[in-house]
Each structure stands twice: as C-alpha cells, then as structure tokens.
Amino acid sequence: MTVADPAMTAAAAPATPLLAALKDAALVALVGMALAGPIVGLQTVDQGGALTLNFRFSDVALAIVLLFFARLGLALGERGMTVPSLGLAAALLVAGFVVPWPGELLRVLAIAAGAALALRGTLAIVRAQRGAVVVAARDDDDLRAARLRRLVSRGLGAALLVGAVLLPMMPFANSYILDTAIRVLTYMMLAWGLNIVVGLAGLLDLGYVAFYAVGAYTYAILSKTYGFDFWEALPISGLLAASFGVLLGFPVLRLRGDYLAIVTLGFGEIIRIVLLNWSSFSGGPNGIGSIPRLNFFGYPFSRNAPEGVTAFHQLFGLEFSPLHRSIFFFYLILVLALVVNLFTIRIRRLPVGRAWEALREDEIACRALGINPTNTKLTAFAIGAMFAGFAGAFFATTQSFVSPESFTFTESAMILAIVVLGGMGSQLGVALAALLVIGLTEAFRGLAEYRMLVFGLGMVLIMVWRPRGLLSHRDPTIFLHKRGGARP
C-alpha cells in the first residue's frame, strides 16, 4: 500500500480563485510595465534646440497600479466573484472622480476601467438571473423576442430622430455642438453608403474615400469655375462619383476578400495622388479655396448683403446670428442622410437588394440561382459611390475649401470602422456607431497626443464586448413562411 506524499499533494492542489486572480493581475501588470515603461516613461523634449529626456515614471507607476486593479476586477468577474469585481469597479470610479491625478489621461483611464468593470459585472448578474430560469425554446417565444427587438429598434431610431430635430433648439446648442453634429451626420451618410458595399453586398472596399473626393472636387470646380449652384451641382457630383464606382467595379469583378481590399485601397490612393499632382485641375497640394457657400434658396447668411439682395435674417425679420448658417447646414445634412437611409431601406426589399445579400452569403449559390454577380456588384459600387459623392458636395460647400489632405486612407478606415462597429448591414447600428466614434474623438480632444490611443482602446473594448457590432441582428428581407403563420 502506497502513501501519497503530503508535499506533492499540496503542490498539485489547484489555486483558489482569489489567488489565481491575483496571479493573473500581477502577470498582466508586469507585462504592462515592460511595454509602457520605456515608451511612456521617457519623453523627448525640445529645449532651445537641444533634445532632452523627460522622465515620467510616476505616471507609469500609477498607470500600472490602475492596470493591476482593473485586471484583478476582470479576473474576479471571470471566476464568478461578481461582488468583489463590482467593488473594485466602484473604487476605480470614485478614484477617477475624487483623486487629484497628475494627468488627465490617468483620470480617464480610471473612470473607463471602472465603468467597463461595472458594465461587465451588471451584465454577468443579468445573465445569471436569466440562466436561473430555464425556459424551453418555443416558436412563440422567438416571435415575441423578435417583436420586442423590432419595437426597441424602432423606438431607439425614433428617439434619435427626435433628438436630432430638436438639437438646434436646445439652450446648449452653439456653433461647436452644431458643427460636431454636422460632422457626425456626414460620416453617418458616408457609412450608410459604404454599408451597401460592405454590409449588404459583402465587398470589402478600402478606397471608399475616393468617391467622397470625386463629389467634393466636382462641386468645387462646377461652382467656382462654371457658376453652378448647390442644387445643380449635387446630382452631377453624385452621378460622377457613381461613374467612378462603376469604373472601379469592372476590374474587381472576379476578386474577393483580401485581393479586393488591396485593389480598392490602390484605387483610393490613385485618386488622391492624381489630385495631389494635377495642379492645373485640382490646385495640387494647395487645393481649391473660396468655394461658394450654400445660401438659403438665394438669400445669403450675411450681416450686410449686397445692394438689391435680401439677407436671410432680413427675410424673416430676425436678429443676425452666425448660428443661422450652421442650423441650415445641420437640417440639410439631416434631410440628405434620412433620404439615403430611406432609399437603402426601400432598395433592400427590392430584387437588387436581395441579390446583394445573396452575393454576400455565397457567390456560387448566387450564380446557381440565376443572379448575375456582375450587375449585382456594379450596382452596389455605383449606389454606394453616389451617396459618397453627395456627401462630398455637401462637405465642399460647408468647408468652402477642399484639398487632398481631407481624403486620405485614414478617412476610409474611419468610415469602415463605423460600419463594422455598428454591425454590417444594420442601418440603426451604423447610426449609433457614427455617433459613438465621432463623439469619442471629440470628447477626448483635450488629451492631445493620447487622443487616438484612447480612441483605439475604446474601439477594442467595443469589439471585445460586441464582436459582431453594436446591433448585429438583421431582419431578413424575405421569409419562406409568413411571420406568425403555421409551419407545415
């Protein structure tokens, strides 16, 4: 008869959840210290022409402490210790608001970590309560869940629309708020156009900003050189951008996945480099300035209008305010974005919209069903590009200046990020993602060089939390059986 060695038995015993969580947090903190120590702790500073080193090891140490407690809370939550995890979340939130941190970034990190832990812990409690009640899956439950989901989606969409309509009337609405809202709506319109190509047709397009540039330069040249007004140049900008979409669609008809992404990326760079080097046409790096701004159907938004011309505030008997122009631009882009949204929703229910979704799911099956992939791809590229052209024309008239620097690959990446974060194919999800992405970049503007770092961190957290997008659910455009009807 053999007797087990007490020392070996103790060594083989599994660690307690608390000890395992502490070990996990310590390991993550060590890795963070190794990575952030030399990168963040040492800062080069130009002092009178001489490059010197600025040591910021105290900031690094505080960041490592924050990382340790955040990881500890996450590890405790993963091991079922939700209450201690929520306690750490509360402590981080209180520390973020109360403790006098040496830098604003540390305060933001503490608040963000506390909020993420609190959200995760709350979701864990809700899921545990749901799991306690085991309900057999039935068709009626699925139908009720689908109705509830549609009701919530429509309610959220209606709330966003009402909030947008009332925004200029709010007492806190100023030029900064309205300009930010105009930027959000412009990106929302662009993302809805790209959503047709990427989300519905399943064609990865990394050069979408090229169509945005075509629309902007078309409006700039037509209005400044040939005297076109906005409403005359707008359809021409959209049609020319759609033509470029068809031009891009032809060489990529047989490409998919990574190959398609590389070709579209190259197309976007070609357009930008042509604009950069063709100075006689596009103004080169200097761009095109003094583009005529849109007025209110012939009534300019100026304090002192030329003789014989009635200004906008004189037409309505108002005191002059520079906000009038911003409010008009805001409602204009809101209407344009809503038209794009309604058009997309409607066309999804038509045969061409169903062909896009069939192409996205399986191209071979799409061919077997008699759907022409060539026409399907070209229509997706053309319609998506047309919406980008409209957005470009609006951008040119609001900024009164266009240059190649406004149409770099970063813009394409930002629009694609909005589509992916929102949930490919989801109109409401894309709207929420545009609000979140552009709002995050504006909210963290005060963090200077750390702004994009925090923005990237926020995107990573969202994708970890919702890997298929904020609203990944999509209602099919057609059903084999009628909803709620009896199944054979």
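## What covers helix H9

Helix H9 has its buried residues covered by, among others, helix H8 (209–225), H10, helix H13 (323–348) and helix H16 (373–399). Those buried residues are Phe230, Ala233, Leu234, Ser237, Gly238, Ala241, Ala242, Gly245, Leu248 and Gly249. Here, buried means under 20% relative accessible area, exposed means over 50%, and partly exposed is in between, with a 1.4 Å probe and protein chains only. Helices (H or I, at least four residues) and strands (E, at least two) are DSSP runs, numbered from the N terminus. In general, an α-helix has 3.6 residues a turn, so residues three or four places apart point the same way.

A word on the model: it is predicted, local features need pLDDT of at least 70, side-chain atom pairs count only at pLDDT 80 or more, and totals for chains, interfaces and linings use all residues. Residues are numbered from 1 along each chain as its sequence is written, and side-chain values use heavy atoms, with hydrogens and water left out.

H9 takes in residues 230–249, 20 residues in total, and reaches 28 Å from its first C-alpha to its last. That is close to the 28 Å expected at 1.5 Å a residue, where the expected span is 1.5 Å times one less than the number of residues.

Which residues does serine 237 touch, leaving aside its neighbours within four places in sequence? Serine 237 sits in H9 and is in contact with Gly215, Thr218, Tyr219, Gly389 and Ala393; contact means heavy atoms within 4.5 Å. Serine 237 counts as buried because its relative accessibility is 0%.

H16 is largely enclosed by the rest of the structure, because 23 of its 27 residues are buried. Its end C-alpha atoms are 39 Å apart, which agrees with the 39 Å that 27 residues should span at 1.5 Å a residue.

The N-terminal end of H16 is capped by asparagine 372, which puts a side-chain oxygen 3.0 Å from the backbone nitrogen of threonine 374. Just after H16 comes serine 400, with a positive phi of about 65 degrees.

Tryptophan 356 belongs to helix H14 (residues 351–361). Is tryptophan 356 buried or exposed? Tryptophan 356 is buried, since its relative accessible area is 0%. Tryptophan 356 and lysine 377 are 21 residues apart in sequence, and their C-alpha atoms are 7.6 Å apart.

Setting aside residues up to four places away in sequence, leucine 200 touches Asn195, Thr344, Arg348, Trp356, Glu357, Arg360 and Gly425. Leucine 200 and alanine 380 are 180 residues apart in sequence, yet 8.5 Å apart in space, C-alpha to C-alpha.

## Two serines with positive phi

Most residues other than glycine have a negative phi. Serine 290 has a positive phi of about 55 degrees although it is not a glycine. Serine 290 lies in the loop between strand E3 (288–289) and helix H12 (312–316), and is exposed, with a relative accessible area of 62%.

Serine 400 has a positive phi too, about 65 degrees. Serine 400 is in the loop between H16 and strand E4 (401–402), and counts as buried because its relative accessible area is 16%.

## The overall picture

The protein has 19 helices and 4 strands. Of its 488 residues, 40% are buried. Among contacts with a separation of 6 or more, 70% are between residues 24 or more positions apart.

Methods
Polar contact = N/O pair within 3.5 Å; in protein donor to acceptor, adjacent residues only side chain to side chain.
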